[in-house]
Amino acid sequence: MTTTTRSATRQPRRGRAVAVVALAAAALVAGTSGTAAATPRGWTSDVRLIAFNDFHGNLEPPSGSSGRITLSDGKTVDAGGATYLATHLRNLRAQARDSIVLSAGDNIGGSPAVSALFHDEPSIELMNSLDVKASALGNHELDEGYQELRRMMHGGCHPKDGCQFRKSFPGAKFPVLAANMSFEKTGLPALMPFSIEFSGLMPVGIIGVPLKDLPSVVSAEAVKGLKFEDEVKAIDRTANLLDRLGVKAQVVLLHQGDNTEGGGPNDCKTTPGPARAIAERASAKVDAIFTGHSHQQYVCSIKDPVGKPRPVLQGASFGRILSVVDAKIDWWTRDIDRSTVKAFNHVVTRDVAEDKATKALVDEAKAKAAPIANRKIGTISADVMREAAPSGESQLGNLIADAQLESTKSAGAQLALMNPGGVRADLVFKSSAGNEGDGVVTYGEAYTVQPFANILQTISLTGAQLKAVLEQQFQTGPDGAPIKRILQPSSTLKYTWTASAAAGSRISGITVGGQPVLPETKYRVTVNNFLQAGGDGFTELSKGTELTGGAVDLDSFIDYLKLKPNVAPPATDRITAK
């Protein structure tokens, strides 16, 4: 009864004003109105929505804990890898007559070397080959600023490095959406707020929304001149516009998510967080919400403002899960019949055949990256994991902080602090370069751990300011939910935190170099430029004085590994949690 047609509102190569998109949408809907009005009640079209989130350029199967999915019974299964993702996606699409592939953002940025060495062009090529129809803007899409985002969207060679992956770069064949992002000076939209796809003859509105706090999780330079609106206001406004245009079936791609208390891919063990708060308040015209950003797995049913349940789901990260929503669209109303909605997370297992075309793309990227990525830079004696201990610190976070302290001792550094979000992968004893079991660390593996090229900066803080920084590890989100971001400390810093204590009084027993920290004494503290600018809510760090610039964080890590061969995983005993 239905046939799949291509979206007539696909984002053009050189961009288009939002007004033009709206006019096109109106024309498209007008073109189908006669058909809908003439159809008998009860006729429906099936649609399958398939989404992933936070791919982060993971073309190769991610290693360590980043490459596993925990099931409901606590067992784990290896998952992820572009070649397997493509096969699972093809199989899911084959099960449904009409399907739409979407992304909830962070397709690129924070990527392994095999993608990042080419400014993530291979990952965009992958998205094109997967026939992604639309993506929300994620914060990492802006890692290199707005102009680089535009290049990712519209194509062209990098202004400094040129085209290194292939002779030319076509850019994304799908729109990147941000209904709540505008230019500060003009107030005009900086990206398209929505796209329209079709399930048979039925239009489906796709609304993309990054988190409103995006400026707090990227560098200030990356979002210069941009402003971000409340997510619910943007969703409501865009949903109303789509409704006036006759687009009744609506889906949100939300690059914001909740955390969980364990559970499997299809469980809903989320803790109260921003995604749930948005889902409970956002327009009832929206029929499903795919989330991202928090790298968690869940499938929840959350009531909208008029009390009707709708699916809110997220598929972990790194291409390990495909999130699926099946539904029927009523031809008379052109809306999704909520009673027919079924949502589930599908694990991208590695027990299927690799997709040949995708394998060719990945092999090409690996071969071109190999001369740099496979270079040996150090050795480890065992796996160094990024998984946090109960105190919040991790082996790998501690190791990186130690490396940053060593690198900046010439600037008088006495301690170093690393943001946990900047530690992207485990450092595993079994080398991906083929040196199995020998503990070799390659440049590519180190790059995967620290891909952001942040600059180390050493600042002076009083003891009182240092305590204030550590207190800011415990924050309250915009929805009132608690946020805990434990900075990874160098070996010279020790302290205790007490979760039950009042805000501002959770930190005690701070010592630096074995000596108690005094409120008026100055201490030299090394952080990266993201933290120093107040990133992740650590605004107290921006008050530091006597700033001295240092090396790129990855370079300091590599130098440390060269300095200390066969390095062992550090103990996670620098912070005591009560």
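Residues are numbered from 1 along each chain as its sequence is written, and side-chain values use heavy atoms, with hydrogens and water left out. In this predicted model, local features need pLDDT of at least 70 and side-chain atom pairs count only at pLDDT 80 or more, whereas totals for chains, interfaces and linings use all residues.

Helices (H or I, at least four residues) and strands (E, at least two) are DSSP runs, numbered from the N terminus. Helix H9 (residues 395-407) and helix H13 (residues 553-563) have axes that come within 8 Å and cross at roughly 95°, the axes being lines fitted to C-alpha atoms, for helices over the stretch in contact, with angles from 0 to 180 degrees between N-to-C directions. H9 is therefore roughly perpendicular to H13, a term for angles of 65 to 115 degrees, while those under 35 count as roughly parallel, those over 145 as roughly antiparallel and the rest as oblique. The contact (heavy atoms within 4.5 Å) involves Leu396, Leu399, Ile400, Asp402, Ala403, Gln404, Glu406 and Ser407 on the side of H9, and Asp553, Ser556, Phe557, Tyr560 and Leu563 on the side of H13. By class, 7 of these residues are nonpolar, 3 polar and 3 charged, where Ala, Val, Leu, Ile, Met, Phe, Trp, Tyr, Cys and Pro count as nonpolar, Asp, Glu, Lys and Arg as charged, and the others, Gly among them, as polar.

Within H13, the buried residues (under 20% relative accessible area, with exposed over 50% and partly exposed in between, for a 1.4 Å probe and protein chains only) are Asp553, Leu554, Ser556, Phe557, Ile558, Tyr560 and Leu561. These buried residues pack against several elements, including H9, helix H10 (443-449) and strand E28 (545-552). In helix H11 (residues 463-471), the buried residues are Gly463, Gln465, Leu466, Val469, Leu470 and Glu471, and their packing partners include strand E18 (415-418), strand E21 (474-476) and strand E27 (522-528).

Strand E13 (residues 297-303) is largely enclosed by the rest of the structure, because 5 of its 7 residues are buried. E13 pairs with strand E14 (residues 309-315) in the antiparallel sense over 7 bridges, pairing being assigned if DSSP finds at least two bridges between two strands. Gln297 has Gly315 of E14 as its bridge partner, and in the hairpin, with 5 residues between the strands, Gly307 takes a positive phi near 90°.

Positive phi is also found in two residues other than glycine. His56, in the loop between strand E1 (44-52) and strand E2 (68-70), has a positive phi of about 50° and counts as buried at 0% relative accessibility. Asp106, in the loop between strand E4 (99-103) and helix H3 (113-116), has phi near 60° and is likewise buried, at 2% relative accessibility. In contrast, Pro516, in strand E26 (residues 515-516), is exposed, with a relative accessible area of 53%.
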